[in-house]
Amino acid sequence: MVLRIPLRRSASFTPDHQPGAEVSTSTPVKMEANVVVLGADSVGKSALTVRFLTKRFIGEYGDMESVYTHSLAIEGKEILFHIWDIPCSQEKSEDNSSKDKRIQWADGFVLVYSICDRASFNSVQPKVQFIKAAKESPSQEKVPIVIVGNKRDLHHHREVSSEEGRLLALSMDCEFYEVSAAEAYHGALMVFHGLAERICEAKLALKKGTGIRNIVKSVSAVFARKRTDSM
Ligand SMILES: Nc1nc2c(ncn2[C@@H]2O[C@H](COP(=O)(O)OP(=O)(O)O)[C@@H](O)[C@H]2O)c(=O)[nH]1
Ligand SMILES: [Mg+2]
């Protein structure tokens with residue numbers, strides 16, 4: 001049986017919130033974070049997402065594409081998450097342009113594997129490489145990515161050690177958590193909290209970079225004007 005969760009879900013998604021957008025209302029909401037959750041089939045993408053949203057583990061989640069909105073206060077800042085949970089089957093059937101659109105929409109990524117499924121772990125690195133190739137440019141900050149080893153409670157069936165997960169994350173410049181969506185809320189909170197912090201840093205760096213670039217542009221414009229004036 002698939003339990004219905006009383007959350008905003010949409011089967012087809014039109015990204016109406018642009019990456020980098022800040023909410024400018026009088027409410028305390030300060031930042032929006034578009035997050036995409038990716039990973040192999042049955043690793044617990046939906047379980048982790050729903051755990052973060054509802055604090056509950058309901059066991060079966062169906063295989064629907066879902067977009068959730070959820071706000072969380074982090075160090076006095078209100079983060080409004082838009083979380084896009086994608087079934088692996090759908091991701092596989094998509095062409096690269098759809099994947100690329102989603103990557104451009106996202107401010108950050110949660111890449112999930114199961115510690116009991118070596119193949120799911122092996123599929124993480126190519127996904128990170130694809131995201132980085134599509135999103136990172138020399139002038140841009142690194143993309144906020146969190147790698148998550150899920151199903152930590154099933155340690156008797158473990159196929160991937162914690163060290164392997166940690167090393168992969170280190171080598172790809174990503175954050176790493178090992179969690180059990182089934183056992184606790186805390187792990188899911190850490191994942192999205194950690195990602196939100198990285199997103200905040202990236203947005204701040206982007207703003208600063210843009211600020212500096214604007215100053216450079218203005219100074220260049222002044223010198224260019226002086227040069228044409230003296231001709
Ligand atoms: N034991 C255990 N089972 C989990 C955990 N997370 C998810 N599952 C189970 O794994 C199966 C697939 O989970 P689901 O979230 O639908 O995976 P998805 O396909 O990646 O979205 C379901 O039967 C879940 O109940 C976990 O942390 N521990
Ligand atoms: Mg799912």
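Helix 1 (residues 45-54) contributes the most to the shell around ligand 1, with 3 residues. The model is a predicted one, and the shell around ligand 1 holds 18 residues. The chain contains 7 helices and 6 strands, and 35% of its 231 residues count as buried.

**Ligand 1**

- The residues closest to ligand 1 are Gly44, Lys45, Ser46, Ala47 and Ala182.
- By class, the shell around ligand 1 splits into 6 nonpolar, 7 polar and 5 charged residues.

**Helix 1**

- Helix 1 is largely enclosed by the rest of the structure, because 9 of its 10 residues are buried.
- The buried residues of helix 1 are Lys45, Ser46, Ala47, Leu48, Thr49, Val50, Arg51, Phe52 and Leu53.
- Valine 50 belongs to helix 1 and has 24 other C-beta atoms within 10 Å; the cut-off for burial is 20 or more, so valine 50 counts as buried.
- Valine 50 and tyrosine 61 are 11 residues apart along the chain, and 8.8 Å separates their C-alpha atoms.
- Lysine 55 follows helix 1 and has a positive phi, near 70°.

**Strand 5 and its partners**

- Strand 5 (residues 145-150) has 6 of its 6 residues buried, so the rest of the structure largely encloses this strand.
- In a regular strand, side chains alternate between the two faces of the sheet.
- In strand 5, Ile145, Ile147 and Gly149 point one way, while Val146, Val148 and Asn150 point the other way; all are buried.
- Strand 4 (residues 108-114) pairs with strand 5 in the parallel sense, over 6 bridges.
- Phenylalanine 109 has isoleucine 145 in strand 5 as its bridge partner.
- Strand 5 also runs parallel to strand 6 (residues 175-178), and 4 bridges join the two.
- From strand 5 the chain passes through helix 6 (residues 162-171) to strand 6, in a β-α-β crossover that is right-handed.
- Valine 148 has tyrosine 177 in strand 6 as its bridge partner, and the partner of glycine 149 in strand 6 is glutamate 178.

**Strand 1**

- Methionine 31 lies in strand 1 (residues 29-39).
- Methionine 31 and isoleucine 79 are 48 residues apart in sequence, but their C-alpha atoms are 5.1 Å apart in space.

**Chain as a whole**

- Read from the N terminus, the order of elements is β-α-β-β-α-α-β-α-α-β-α-β-α.
- Among contacts in the chain with a separation of 6 or more, 72% are between residues 24 or more positions apart.

**Confidence**

- The chain has a mean pLDDT of 84, and 76% of its residues reach 70 or more.
- Over residues 1-16 the pLDDT stays under 50, and for this stretch the model has 19 contacts beyond four places in sequence.

Notes. Residues numbered from 1 in each chain as written. Chains lettered and ligands numbered in written order. Predicted model: local features only at pLDDT ≥ 70, side-chain atom pairs only at ≥ 80, totals over all residues. Near = placed C-beta within 6 Å. Nonpolar A, V, L, I, M, F, W, Y, C, P; charged D, E, K, R; others polar. Pairing = 2+ DSSP bridges. Right-handed = clockwise from strand over helix to strand, strands pointing away. Buried ≥ 20, exposed ≤ 12 C-beta atoms within 10 Å, placed from the backbone. Contact = placed C-beta atoms within 7 Å. pLDDT = per-residue confidence, 0-100.
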